[in-house]
Amino acid sequence: MRFRLFPSPMFVMLALLHVYIGVRLLAPFSAVPQVLGGALLAVCLWLLPNSFRFREDRRLWRVLLPSLAVGFFSWLLVLTLIRDWSLVVSALALSPEGQESWIRISAIGVMALTPTITLIGFFMARRVARVVDVEVPLADLPAQLEGFTIAQISDIHVGPTIKRNFVEAIVDRVNRLGADMVAITGDVVDGSVRDLAHHTEPLARLESRHGTYVVTGNHEYYSGAHEWIRELRRLGTRVLLNEHVVLDHDGAKLAVAGVTDYSAHHFDPSHKSDPHAAVAGAPSDALKVLLAHQPRSASVAAEAGYHLQLSGHTHGGQFWPWNFFVRLQQPFTAGLNRLGRMWVYINRGAGYWGPPMRFGVPSEITLLRLVRS
């Protein structure tokens, strides 16, 4: 075991933030609450770095507890900052007696809300994703494609805390939809084929008229993309690597294209994402649908003449208030959006990454239905 003489800068920053929270919340109380609160903060500080060290532990609670601490700390910090802002406002609006009372009440409120929201967010993250029905209005849609349905799954993140039973529940819910095709828009896994193949096996049971189509996400490249591409193909899915297939649906043509992840070229230059190459050679009269993990592919996809892009990656922000920061990197956060003549739908993800937390940003399985505008 290596001994670190000096703590890492990240640990120092986390420690200072915990001290800030402790000072701001515990100062109005007596010694006993201060000691208990300080001990809880110390445990939280110890768990945060361990949320990464315990990822390969086979005991689920050893992974879940540190991961849950990340969500707990996030809410504790955000609510403490909101409380501090409220104290500035209350100092201007309340009497000295009222201000003193609000200092205690607001501190108690933060300490009560944080575990409550953490638990609600945990149960929302662990439940089976609900189905979101979306109509996509398309001009000049062929009559044969009116009502064509696509079941979209994204960002399952099978890994340290998401296992086979979680995937089985998603597959069962998708199969009940009776969709015309299934689209999986990346980030299926967080780990190696050796460790996770047993847990992804239920994907082989996905059922639809035209089959299941998959594109790679950034986490596939973190986890060994080439091995996962082979494994997903073994499970019976069609992995689209800057290529397309043409579906014949009652005489109408639908080109389903897929690109590698937007960042794939950093891991394998031959996997550079290319929406133009993916649709090259498709029939000119075909409706063109692009599967692209990151919404950032949309601007090039619109230029390439796609009618609809399906993406994921953002998790919709996963939980408040981080959803507001997604737009710093991605053009869209969630839901149905318009870019020129092309529609872009962003799935919020069927699973989660990092803290098992979804508060205000529920997981989803999307059933998209093509309709005439």
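This is a predicted model: local features need pLDDT of at least 70, side-chain atom pairs count only at pLDDT 80 or more; totals for chains, interfaces and linings use all residues.
# Notebook: a walk through the chain

I began with F122, which counts as buried because its relative accessibility is 16%. My scale calls a residue buried under 20% relative accessible area, exposed over 50% and partly exposed in between (1.4 Å probe, protein chains only). I looked up F123 as well, and at 55% relative accessibility F123 counts as exposed.

Residues are numbered from 1 along each chain as its sequence is written, and side-chain values use heavy atoms, with hydrogens and water left out.

**Rings**

I searched the whole structure for aromatic pairs and got six. Rings of Phe, Tyr and Trp (its six-membered ring) pair if their centres lie within 6.5 Å; planes under 30 degrees apart are stacked, over 60 edge-to-face, the rest tilted. How do the rings of F122 and F123 pair? They are edge-to-face, because their planes stand at 70°, with 5.4 Å between the ring centres. Elsewhere I noted a cluster in which ring pairs link W75, F319 and F359.

**The whole chain**

Next I stepped back and counted ten helices and twelve strands in the chain. Both are DSSP runs numbered from the N terminus: H or I over at least four residues for helices, E over at least two for strands. The C-alpha atoms fill a box of roughly 75 × 55 × 35 Å along the principal axes. Of the 373 residues, 53% count as buried.

I also checked contacts (heavy atoms within 4.5 Å). Among those between residues at least 6 apart in sequence, 74% join residues at least 24 apart.

**Cores**

How many residues does the largest nonpolar core have? I found 33, and those with the most contacts inside the core are I153, I156, I170, V174, I184, L203 and L206. Two or more residues each come from α3 (60-93), α4 (96-126), β2 (149-153), α5 (164-175), β3 (181-185), α8 (225-234) and β12 (364-372). Helix α5 gives the most to this core, with five residues. For the record, such a core is a set of buried Ala, Val, Leu, Ile, Met, Phe, Trp, Tyr and Cys residues joined through side-chain atoms within 4.5 Å.

I zoomed in on L206. Leaving out residues up to four places away in sequence, L206 touches I153, V171, V174, N175, V182, I184 and T212. Apart from this core lies another, of 26 residues, including L145, F148, I150 and V256.

For contrast I looked up a leucine in a loop. L328 is found between β9 (308-311) and β10 (335-339), and L328 counts as exposed because its relative accessibility is 72%.

**Salt bridges**

I looked for side-chain nitrogens of Lys or Arg within 4 Å of a carboxyl oxygen of Asp or Glu, which is what I call a salt bridge. The count came to ten.

I opened E201 and R164: they form a salt bridge, their closest N and O atoms 2.8 Å apart. What does the pair tie together? E201 sits in the loop between α6 (193-200) and β4 (212-215) and R164 in helix α5, so the pair ties together parts that are 37 residues apart in sequence. Both are partly exposed, E201 at 33% and R164 at 24%.

D195 bridges to R194, with 3.4 Å between the closest N and O atoms. Here D195 is partly exposed at 35%, whereas R194 is exposed at 74%.

The side chains of E243 and R238 meet at 3.8 Å, N to O. I logged both as partly exposed, E243 with 25% and R238 with 37%. There is also a network in which salt bridges that share partners join R24, R83 and D84.

Most residues other than glycine have a negative phi. D140 lies in the loop between β1 (130-138) and β2. Next came D187, not a glycine either, with a positive phi of about 55°, found in the loop between β3 and α6.

Is each of them buried or exposed? D140 counts as exposed at 77% relative accessibility, while D187 counts as buried at 1%.
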